[in-house]
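Subject: A structure for you to explore

Hello,

Here is the structure I promised to pass on to you. Have a look around it first, and then read my notes below.

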Amino acid sequence: MAVGETDGAGSEESGSREADVISRGNILESFTESQEVRALLGNLRTVYGDPVAQEVIVEKFIVIMDKYQEQPHLLDRHLEWMMNMLLDIIRDSGSPPVLFHLAFKFLYIITKVRGYKLFLRLFPHEVTDLQPVLDMIVDQNPKDCETWETRYMLLLWLSMICLIPFDLARFDGNILSEEGHTRMPTMDRILEIAKCYLVVSDKARDAAAVLVSKFIVRPDVRQKRMADFLDWTLSMLSKSSFQSMEGTVVMNGMLQALAQLFKHGKREDCLPYAATVLECLDNCKLSESNQMVLRKLGMKLVQRLGLTFVKPKVAKWRYQRGCRSLAANLQAQSSVMQSQKITVAANEAEDDEEYDIPGEIENVVEQLLVGLKDKDTIVRWSAAKGIGRITGRLPKELADDVVGSLLDCFSFQETDNAWHGGCLALAELGRRGLLLPSRISDVVPVILKALTYDEKRGSCSVGSNVRDAACYLSWAFARAYDPSELIPFINQISSALVIAAVFDRDVNCRRAASAAFQENVGRQGTFPHGIDILTAADYFAVGNRVNCYLTISVYIAGFPEYTQPMIDHLVNMKINHWDSVIRELSTKALHNLTPRAPEYMANVVLPRLLPLSVGTDLHTRHGAILACAEITHALCKLAEENNRSITYYFNGKSLEGLKQIHQEVCSKGLGGELMRPAVCTLIEKLSLSKMPFKGDPIIEGWQWLINDSLRSLPLASCAARQHVKESAVSALSALCNEYYINENGEADPALQGELVTQYISELQSTEQMIRCGFSLALGALPRFLLKGRLQQVLEGLRKVTLITPRDVSFAESRRDALIAIAEICQTVGVKGEGSQEEYICKDNVAQIYATLLNCVTDYTTDSRGDVGGWVREAAMTSLMKVTLLLVQNEAELINANICKQIMCWLAQQSAEKIDKFRAHAGSVFLTLLHFDSPPVPHIPHREELERIFPRSEAETLNWNAASEAFPRITQLLALPAYQYYVLLGLSVSVGGLTETTLRYSAQSLFDYMKNIQNDSSAMEGFCETLLKVFEDNLRNDRVSVPLLTMLDQMLANGCFDIFTTQGNHPFPVKLLHLCKEEIKRSKDVRKLRSSIGVFCGLIQFQGDMREKVLFQLLLLLCHPFPVIRKTTASQVYEMLITYSEIIDPAIVDEVMAILSDSNWEAEVAELREKRNRLCDLMKVPKPQLVTKPAGTHTGAHIS
């Protein structure tokens, strides 16, 4: 919990996914793959020679072992037989090197999962093992990067063998070898091996350090070699520099060796050398290194040296809690716990054996305190553990000095690193009983500050790791102290933890606080309403930030102990937060908390916020304005619910202060993207609160601000525009509804005329965003302002939806105009015989539908892609809203033709390629089809549609998934009313580029074609529709290019085989004509390549057209583009193989040779002769060179 310092925002709102992972995490009960592993290890001798099989078996073993990373103890019963099977291979002198290294790789994988400390003990360590293992190590190449696992495991094995209780001199025997040379003693051989591997850069270095720690501390080695080895390590340290990579590697090995040696060696053996080592370490200046591992190892070595300087004894002065029974805590047996508490006698400290603390301890503690401020968490954590270990061996007075120095880390001059390290160290001291109750009063304020630590740095902040560590500190205190010690601080700690669990920005901190709160409830048993709060704010519940702010906080605030601290925290710490999302959530939380403490909000919080809302800090001003708006609205709602005056909770000063905010903010500058939405929200909330400002000049100021915000939209960034626009439109709606209506429910004619005329005039602005803003503003106007002006407003919006050369890229304004039209229709209502200036009626319904239907065909594209999709989406939504409005009021206004157009266009959109728009169209289509209060009239083929799309499956059908959508939508091809439109949509999908869309749409189309193959009338109708689609979209590249691709696929799949036996059937003849028209003078390579496929497919039809098809293909063999010539030759070659009957067998070989052997990327002049030869062979007229008319570029083109 406390060691993480990464920002938790990335995992925000992912509670459900994490919950699933955790619930399935620790479910293993035993090593279930033991038989499979036994078989894998048994197969090593058979697969080692095959690199592929070897890789597969290693990967399988890794996958099995990795499952037990979190529960490695389950392997314990099986480790011995696994090791024995692998050692049998290793000890077998007949094992080839590949198998030998493979066995060690498997040993390493097991060690990685279980940990070397436990696995080490299982290695055989008989006297007879020493010489073979030494020989194996000597045979290894330290620079071979492929076999590092072998060296690592051999060094670990040797470190275990070194523990044999015999003098190593006995293994030397006669040290004169047969040749008469002196043989190196075993002790020196092992030492040389250790030294050799301490300076390598791979994992073997870690094992060499373990070997040193076991070997040097042997009595015989210690006497003869310890001093020399330490001299060597210190000289290597002093000669190396962390500035170079080689120096870093050497220093890493030396520091590891020294740290392990001082950890495992006896104090009396290491003490004589400790001061020298510390001095050398100081000279290395590791704190200046940018290598995190070196600083961490330096910290580890410093604490080991410190532990060597002081005697290994447990401090008798430490605090001992005594009884730690959870059951006893929960049963609130406080008297029992207090009686069992072990108190420390005052004279115990005096009875301690007096001894001098070496002066070096001050240096050690100083370095550890500096280490707490290191930039890396792992170094701070090591320093914190060192502080805890050393303090436990110091006298009480010195230990208290350490605590005092530690508390100095928590000044606001220190960095977040110091705060984090300090929290970790305090937690260690508390956990070990070294933080006496007398110091709790000094530490609790530190915890409270650390739980809300948040320092802004640039555009973000630091401190999530500090808050996380503070939660760990609270967790440690819950376990360390008797409840009676913490009772004076219970309310402070519980409130701070609840606030952190509910209001912290980062999910890991909220969860850490929840865990700490749970630990306190269980161990201390004194937190107010602990169990109730835990139930609402458990680990999973606090994973969702919005839920925490808006729901859980309201429940917890119902307990009076927490209400005021939660409100104060939001006002003091969150409404001025650097993250605007947190500020906005905090103000909404204040709105929800207002009913819990209305008097406190009105009398204390609001007066405190009003000055902040006109202050100098932008973030504070933004949060305070939103908070004033939300609290005011909540107080007014509360007064209304209790049948009190709206101003019951407000005095004159507060009302005046609320009015002043707008004026003060305008005078200081609106601050752009933050302040405009905030003030608009304030206007909206004050209007909804029905504040008594009618007739006040402030209303004009508010109206000016709303208008100015809409006019300023082009100046806002893309990210902020939508928020500014929505805020201004919401404010306008609330303002008009409250302050522009008179007692008769009507608007002032002059004001209405001015407002509506002004807004309509802005619709023709040259700035797209101004059109967007004022379109939505017109859509938000209440009915009384639209009365008498409806036709004027609708006409203005209709003009915005038209595509003209000047505003072809204004897709957003067309979208917002369509949204506004639907909103206006819902506002004014329906009255068939009513005036078209007041209602949706028979006189204007056709015009409204024409506007909406015209936008369903908006396929505008620009650098952002298919921006017309936004317009189509809005048009579909608006069509649905208007249609359902008419159906529920006066369905007779919907005529059959309009309904058919709507359903057909929706069917087309449901068959198109973009998942998002297809899903939206499908959803609207099914909504209209299944609406039954009352049903939508005149839907073509309603019964067949309800059979294809049953009501029971309407909710579950996933239109986003091509595999689900296309098999359904292609069934509409059988319905004459929908066939043209569905085929138009399918053309774009089947001929598209997205692999999944293409696959499922094509398959669904081919399935449909297969079903109608034997129905000649259905085939004739389909082909006629297909040609109509092609003809209507001739040279419309959006449709024609994918349509050619689709035709190519359909011809290749035999979809038109029924016509191949009929000579000169009209379908292929017309299709050939359309294809020729489509590619005439085209330079679109994709279109030309698709047409080649279609021409090749048309060759299968009999009659005179076959010669025309061959002519087109031979024409393309001399196309100006080399890629087209090459593609044509290739496809014609394949075509002649497929349809061999189309040319005389006597000339096939020569034709094929010309097509395959010619370089079709050569110059056209060279290729024309070969092409003409093909024409002669295939009896096709030769294309003639035609001179271009005068006035055009010189040259000729092929006709």
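In which loop does His941 lie? His941 is in the loop that runs between H46 and H47. Before going further, please keep in mind that this is a predicted model.

His941 is not a glycine, and yet its phi is positive, at about 55°. With a relative accessible area of 24%, His941 is partly exposed. Pro934 belongs to the loop between helix H46 (915-930) and helix H47 (942-948) as well. The peptide bond leading from Ser933 to Pro934 is cis, and its omega is near -15°.

Why point these out? Most peptide bonds are trans, and most residues other than glycine have a negative phi.

His529 also has a positive phi, about 55°, although it is not a glycine. You can find His529 in the loop between helix H27 (507-523) and helix H28 (530-536). Its relative accessible area is 31%, so His529 is partly exposed, falling between the 20% and 50% cut-offs.

**A buried histidine**

Is His577 buried or exposed? His577 has a relative accessible area of 5%, and because under 20% is called buried, that is how we class it. The side chain of His577 reaches the backbone nitrogen of Asp579 at 3.0 Å. If you leave aside the neighbours within four places in sequence, His577 is in contact with Asp454, Arg505, Ile582, Arg583 and His619.

**A cavity**

How many cavities of 30 Å³ or more does a search of the whole structure find? The search finds one, and the space in the largest cavity comes to about 50 Å³. To see the lining, select Val498, Ala501, Val502, Ser514, Phe517, Ile533, Leu534, Ala537 and Ile556. At least two lining residues come from each of helix H26 (490-503), H27 and H28. H26 gives the most, with three residues. Sorted by class, the lining has eight nonpolar residues and one polar residue, with no charged ones.

Enjoy exploring, and write back with any questions.

Best wishes

How values were computed
Residues are numbered from 1 along each chain as its sequence is written. This is a predicted model: local features need pLDDT of at least 70, side-chain atom pairs count only at pLDDT 80 or more; totals for chains, interfaces and linings use all residues. Side-chain values use heavy atoms; hydrogens and water are left out. Buried means under 20% relative accessible area, exposed over 50%, partly exposed in between (1.4 Å probe, protein chains only). A polar contact is a pair of N or O atoms within 3.5 Å; within protein, one must be able to donate a hydrogen and the other to accept it, and residues adjacent in sequence count only if both atoms are side-chain atoms. Contact means heavy atoms within 4.5 Å. Helices (H or I, at least four residues) and strands (E, at least two) are DSSP runs, numbered from the N terminus. On a 1 Å grid over the protein atoms alone, a cavity is a set of points where a 1.4 Å probe fits but cannot get out, and a pocket is an open set with protein on both sides within 12 Å along at least five of seven lines; lining residues have an atom within 4 Å of a point. Grid points are joined across faces, edges and corners, and a volume is the space filled by probe spheres set on the points. Ala, Val, Leu, Ile, Met, Phe, Trp, Tyr, Cys and Pro count as nonpolar, Asp, Glu, Lys and Arg as charged, and the others, Gly among them, as polar.
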